[in-house]
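Please look over the sequence and the model below.

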Amino acid sequence: QVQLVESGGGLVQAGGSLRLSCAASGRTYSRDALGWFRQAPGKEREFVASISWSGGTAYYGDSVKGRFTISRDTAKNTVYLEMNNLKPEDTARYYCNVVVADFATPFGSWGQGTQVTVSS
């Protein structure tokens with residue numbers, strides 16, 4: 001089973017940027033599509049972005065298209081989420097996970113996540 005550890009969250013003003021990292025360990029994950037999800041207090045967990053095992057295909061939730069970019073470095077076993085032009089509504093705890101064939105459904109256990117707070 002693969003273990004995923006998220007990092008890079010923090011407090012940022014609206015319009016600012018953050019880069020999240022998701023480090024994988026355990027069994028090789030090089031053939032897995034991976035995704036980022038987020039959950040704000042009182043809300044359901046939401047799909048943010050996902051990327052194919054090759055890194056050649058990426059998908060984004062409508063609310064982050066044009067502002068967020070997902071990428072992966074298989075040599076470092078790490079997936080990144082570059083977040084630009086952040087808005088207060090992006091405030092949430094962000095998680096990464098393996099995704100199944102639809103690139104939007106998570107599969108596996110959730111980690112601790114990393115908190116992103118955007119002030120207005």
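Which residues line the largest pocket? In this predicted model, the lining consists of Q1, V2, Q3, L4, R27, N97, V98, F107, G108, S109, W110 and G111. Two elements, β1 (residues 2–7) and β9 (residues 92–99), each give two or more residues to this lining. The largest share belongs to β1, with three residues. By residue class, the lining of the largest pocket divides into five nonpolar, six polar and one charged. The volume of the largest pocket is about 170 Å³.

How many disulfides does a search of the whole structure find? The search finds one, and this disulfide joins C22 to C96, with an S to S distance of 1.9 Å. A disulfide is a covalent bond between the sulfur atoms of two cysteines.

What is the handedness of the disulfide? The torsion about the S-S bond of C22 and C96 is about 65°, and the disulfide is therefore right-handed.

Are the two cysteines buried or exposed? C22 has a relative accessible area of 1% and counts as buried. C96, at 2%, is buried as well. The cut-off for buried is under 20% relative accessible area.

How values were computed. Residues numbered from 1 in each chain as written. Predicted model: local features only at pLDDT ≥ 70, side-chain atom pairs only at ≥ 80, totals over all residues. Heavy atoms only, no water. 1 Å grid on protein atoms, 1.4 Å probe; cavity = no way out; pocket = protein on both sides within 12 Å on 5 of 7 lines; lining within 4 Å. Points joined across faces, edges and corners; volume = space filled by probe spheres on them. Helix = DSSP H or I, 4+ residues; strand = E, 2+ residues; numbered from the N terminus. Nonpolar A, V, L, I, M, F, W, Y, C, P; charged D, E, K, R; others polar. Disulfide = S-S within 2.5 Å. Buried < 20%, exposed > 50% of the residue type's maximum accessible area, 1.4 Å probe, protein only.
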